[in-house]
Every structure is written in structure tokens, then in C-alpha cells.
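Student: Please take one part of this model and go through it closely. I would like the charged contacts first, then the surroundings.

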Amino acid sequence: LDENVAAEWGGASIETYVEMKECEVLAVILECKSLITDKISSDIKRAREYGAKIQVFYEGEPEAWEKLHLWRDRFPFLFDRLPVAISRPFLMDSEQQVVR
């Protein structure tokens with residue numbers, strides 16, 4: 001969902017995702033400094049309306065969990081499924097975490 005992540009992780013564009021109603025899972029990738037935007041809020045709301053599972057992945061840096069408190073406060077249901085820590089410096093390990 002983060003417009004910056006799409007290019008960094010090899011995606012062509014954030015606009016290339018499939019219609020939300022066709023998705024089974026919405027992956028929310030958070031960095032500690034990720035902002036809550038109207039677009040992201042709308043995507044999360046639509047995912048819930050369509051019954052998609054929501055999985056949070058977050059940049060596993062020191063004190064990341066504490067820094068994500070705004071997300072936990074605003075969207076507590078996002079954390080119903082255990083969030084998965086990933087790390088750009090350890091892409092192979094992170095890839096295995098995502099695949100599970």
C-alpha cells in the first residue's frame with residue numbers, strides 16, 4: 001500500500017494492483033514512519049467490506065512495535081493476525097517469512 005514500497009521492492013506501480021473485491025488477502029507493509037493516508041484507509045476499509053484477510057508486514061527495526069502505535073490505535077483489527085517482521089537488508093529471510 002505504501003507508494004514508496006512498490007518501486008523499492010521491484011513493483012512497477014502501486015496502481016497495478018487488482019480490484020480489491022477480487023483479492024483474498026490484503027498485505028499491508030509498514031515502516032515505522034508510514035503515514036496513515038486517506039487512500040490507505042480506504043483500501044483497508046474496502047478489504048474488510050469484501051471479507052479479504054489482512055496481513056501486516058512491518059520493517060523489523062529496533063523499537064518498531066512501539067513506533068507503530070498509531071496504526072494499532074487506529075486499526076486494531078489489522079493486528080488480529082500476527083504481524084510479520086521483515087527486513088530489507090535480509091531479503092532472503094524476509095521472503096521466506098512472507099511465503100509462510
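Tutor: Arg46 and Asp43 meet through their side chains in a salt bridge, with N and O 2.7 Å apart; the term stands for a side-chain nitrogen of Lys or Arg within 4 Å of a carboxyl oxygen of Asp or Glu. The model is predicted: local features need pLDDT of at least 70 and side-chain atom pairs count only at pLDDT 80 or more, while totals for chains, interfaces and linings use all residues. Residues are numbered from 1 along each chain as its sequence is written, and side-chain values use heavy atoms, with hydrogens and water left out.

Arg46 and Asp43 are three residues apart in helix α2, so about one helical turn separates them. Helices (H or I, at least four residues) and strands (E, at least two) are DSSP runs, numbered from the N terminus. Lys39 also forms a salt bridge with Asp43, and here the closest N and O atoms are 3.1 Å apart. Lys39 and Asp43 are four residues apart in α2, again about one helical turn. The structure holds two salt bridges.

Accessibility is sorted by relative accessible area: buried is under 20%, exposed over 50%, and partly exposed in between (1.4 Å probe, protein chains only). Asp43 is buried at 2%. Arg46, at 25%, is partly exposed, and so is Lys39, at 35%. Through shared partners, the salt bridges join Lys39, Asp43 and Arg46 into one network.

Now the helix itself. The twelve residues of α2 should span 16 Å at 1.5 Å a residue, and the end C-alpha atoms are 16 Å apart, which agrees; the expected span is 1.5 Å times one less than the number of residues. Buried in α2 are Ile40, Ser41, Asp43, Ile44 and Ala47. These residues cover an arc of only 160° around the axis, which puts them on the same side of α2; the arc is that of the directions from the helix axis to the C-beta atoms. The face turned away from the buried side carries the exposed residues Asp38, Lys45 and Glu49.

The cover over the buried residues of α2 includes β1, β2 and α4 (69-74), where contact means heavy atoms within 4.5 Å. The largest nonpolar core has 18 residues, and Ile44 is one of those with the most contacts inside it; such a core is a set of buried Ala, Val, Leu, Ile, Met, Phe, Trp, Tyr and Cys residues joined through side-chain atoms within 4.5 Å. The elements giving two or more residues to this core are β1 (25-30), α2 (38-49) and β2 (53-59). Just after α2, Gly51 takes a positive phi of about 80°.
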